[in-house]
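This note sets out, point by point, what may be read from the model shown below. Please keep the sequence and the structure at hand while going through the points.

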Amino acid sequence: MAASAIKSGTLVTLQELNPSSPFFKQGASLRVTGKLQDYDVESASAIVVDDNASLKIDTQHLNVNIRPGSIYQFIGELHFGSGNEAILKARVGRNLDGMDLSLYHQSLQLLRNFIDEQTNNGRQ
């Protein structure tokens, strides 16, 4: 069976997307979640925030109703625009209103701990 050309989006928080992060590279396939702070209809670009971190999202290929103030999750590839600005070119977007972001972060950490434990147990 042929390998899939589209990679799954690695779960990352917006706080983890900084220049020293291993996820912060051209073409990285990522899944990010945050509150939609701003949306420009003409350029189809959105800004999502989580605490003090933010990321620009290119939504031109999405067919989703975008509402500022709502919580969204986007899956796409990271690219860098002018001035080395990080932009996620989204291929999937969904509204997650009602989700508790704090609980989401806790569950993400528990998932990572579990994967680390399983990986370490397999090496013994």
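1. Overall architecture. The chain contains one helix and six strands; helices (H or I, at least four residues) and strands (E, at least two) are DSSP runs, numbered from the N terminus. Read from the N terminus, the order of the elements is β-β-β-β-β-β-α.

2. Basis of the model. The model is predicted, so that local features need pLDDT of at least 70 and side-chain atom pairs count only at pLDDT 80 or more, while totals for chains, interfaces and linings use all residues. Residues are numbered from 1 along each chain as its sequence is written, and side-chain values use heavy atoms, with hydrogens and water left out.

3. Dimensions and burial. Taken along the principal axes, the C-alpha atoms fill a box of roughly 55 × 35 × 30 Å. Of the 124 residues in the chain, 35% are buried; buried means under 20% relative accessible area, exposed over 50%, and partly exposed in between (1.4 Å probe, protein chains only). The chain exposes about 7900 Å², of which carbon and sulfur atoms supply 50%. These areas come from the Shrake-Rupley method with a 1.4 Å probe, and for residues only the protein chains shown count as cover.

4. Contacts along the sequence. Among contacts between residues at least 6 apart in sequence, 53% join residues at least 24 apart. A contact here means heavy atoms within 4.5 Å.

5. Strand pairing. Two strands are taken to pair if DSSP finds at least two bridges between them. Strand 1 and strand 2 run parallel and are joined by two bridges, with T10 opposite L30 in strand 2. Strand 2 and strand 5 run antiparallel with seven bridges, and V32 stands opposite F74 in strand 5. Strand 2 is also antiparallel to strand 3 (residues 45-50), through five bridges; in this pairing K35 stands opposite V49 in strand 3. As a general point, side chains in a regular strand alternate between the two faces of the sheet.

6. Which residue takes a positive phi in the hairpin of strand 2 and strand 3? With four residues between the strands, this hairpin has A44 at a positive phi near 55°. A44 is buried, with a relative accessible area of 12%. N84 also deserves attention: its phi is positive, at about 60°, although N84 is not a glycine. N84 is placed in the loop between strand 5 and strand 6 and counts as exposed, at 54% relative accessibility.

7. A buried threonine. T59 belongs to the loop between strand 4 and strand 5. T59 counts as buried because its relative accessibility is 4%. Leaving aside residues up to four places away in sequence, T59 touches Y39, A44, S45, A46 and F74.

8. The mean positions of the 11 positive and 13 negative charges are 7 Å apart. In this count Lys and Arg are positive and Asp and Glu negative, with His and the chain ends not counted; each charge is placed at NZ of Lys, CZ of Arg, CG of Asp or CD of Glu. The structure holds three salt bridges, a salt bridge being a side-chain nitrogen of Lys or Arg within 4 Å of a carboxyl oxygen of Asp or Glu.

9. E16 with R112. The closest N and O atoms of this salt bridge are 2.4 Å apart. The pair links distant parts of the chain, 96 residues apart: E16 lies in the loop between strand 1 (10-11) and strand 2 (29-40), and R112 in helix 1 (residues 101-123). E16 is partly exposed at 21% relative accessible area, and R112 is partly exposed at 23%.

10. R67 with D97. In this salt bridge the closest N and O atoms are 3.0 Å apart. R67 is in the loop between strand 4 (53-58) and strand 5 (71-80), whereas D97 is in the loop between strand 6 (86-95) and helix 1, 30 residues apart. R67 is partly exposed, at 38%, as is D97, at 40%.

11. R91 with E77. The side chains meet in a salt bridge at 2.9 Å, N to O. R91 in strand 6 and E77 in strand 5 are 14 residues apart. R91 counts as partly exposed at 31% relative accessibility, and E77 is partly exposed at 21%.
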